[in-house]
Amino acid sequence: MIVYYSGTGNSKYAAYMLSYFLGDKTVSANDYIKSHKAFNKADDKRWVFICPIYVFSPAKIFEDFIKNGNFGGSKDVWFIMTGAGTKSVSGEYYKKICREKGFNYMGTAHIAMPQNYICYFTIKSKKENSEIIKNAKKDILLLGEKILNKEKFIEDKTNKAEYISTVLVRNPYYKLFVKAKKFNVNNDCISCGKCVKICPLNNIILSGGNPKWGKNCTHCMGCINICPKNAINYGRKTQNKPRYFCIDFEKE
């Protein structure tokens, strides 16, 4: 079974492509997180977990989802990270989870996908992103072959200094910078509610027809990137900047 968490569709795309190749069912962790339900399913073939990279590591929201869930059946587990950067030290976090859950760690791989962190980075053009996704498809299928053959992903040795620095920086970064207070909306808003629907933490409500953000944000960038009118901004940093939502699922 393939379980994914996705903010703007990158991990969802990887999950669906892998599903087509392996014939495995896909499950969205977003649905469980949003409904405050713990996962409780079994699969005798394998488990594949896919999520984006947040702060050089697995998204904490997904990490907690795995820790709190019950995954029965097969103990073989592969992990795939998606994002514009590298998987960094994500494997070390997943190894720890595997020890805690009794999983057989089969490795962590990275699939390069378009940048979506519009708060601090520039989104590439649609043409450039399409090319990145095209290349990603090839890499996803190569990983699929390894999974199908029950092979472990080949990984470089973890840089201890990088791991220690990530451990020291991760929690303070979430506490100081992963906040929703800078999100704002302009008069182009059409009250469609897409931002409310996509928020995995139910942190957005419509008030007077406009989105209003609470204090429980994970910076998935779903709301700002899915807005059909580009009416949502993050402070002034994102004004007049292109948005990104995975092209294969943006019409859902």
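Q: How many nonpolar, polar and charged residues are there in the lining of the largest cavity?
A: This is a predicted model, in which local features need pLDDT of at least 70 and side-chain atom pairs count only at pLDDT 80 or more, while totals for chains, interfaces and linings use all residues. Residues are numbered from 1 along each chain as its sequence is written, and side-chain values use heavy atoms, with hydrogens and water left out. A cavity is a set of points, on a 1 Å grid over the protein atoms alone, where a 1.4 Å probe fits but cannot get out, and its lining residues have an atom within 4 Å of a point. If Ala, Val, Leu, Ile, Met, Phe, Trp, Tyr, Cys and Pro count as nonpolar, Asp, Glu, Lys and Arg as charged, and the others, Gly among them, as polar, the lining of the largest cavity has twelve nonpolar, five polar and no charged residues.

Q: What is the volume of the largest cavity?
A: The search of the whole structure finds two cavities of 30 Å³ or more. Grid points are joined across faces, edges and corners, and a volume is the space filled by probe spheres set on the points. For the largest cavity, this volume is about 120 Å³.

Q: Which elements give two or more residues to the lining of the largest cavity?
A: This cavity is lined by 17 residues, and the closest to its centre are Cys 199, Ile 204, Cys 217, Cys 220 and Cys 223. The elements are DSSP runs numbered from the N terminus, namely helices (H or I, at least four residues) and strands (E, at least two). Those that give two or more residues to this lining are helix H7 (194-198) and helix H8 (222-226).

Q: How many charged residues are in the lining of the second largest cavity?
A: This cavity holds about 90 Å³ of space, and of its 14 lining residues, Cys 189, Cys 192, Cys 195, Cys 227 and Ile 232 lie nearest its centre. The lining has ten nonpolar and two polar residues, and its charged residues number two.

Q: Is Asn 129 buried or exposed?
A: Asn 129 has its place in helix H5, and a polar atom of its side chain lies 3.3 Å from the backbone oxygen of Lys 124. Because its relative accessibility is 3%, Asn 129 counts as buried.

Q: Is Arg 170 buried or exposed?
A: Arg 170 is found in helix H6 (residues 160-177). Its relative accessible area is 5%, so Arg 170 is buried.

Q: How far apart are the C-alpha atoms of Leu 176 and Asp 188?
A: Leu 176 also has its place in helix H6, and with 56% relative accessibility it counts as exposed. Leu 176 and Asp 188 are twelve residues apart along the chain, and the separation of their C-alpha atoms is 30 Å.

Key:
1 Å grid on protein atoms, 1.4 Å probe; cavity = no way out; pocket = protein on both sides within 12 Å on 5 of 7 lines; lining within 4 Å. Buried < 20%, exposed > 50% of the residue type's maximum accessible area, 1.4 Å probe, protein only. Polar contact = N/O pair within 3.5 Å; in protein donor to acceptor, adjacent residues only side chain to side chain.
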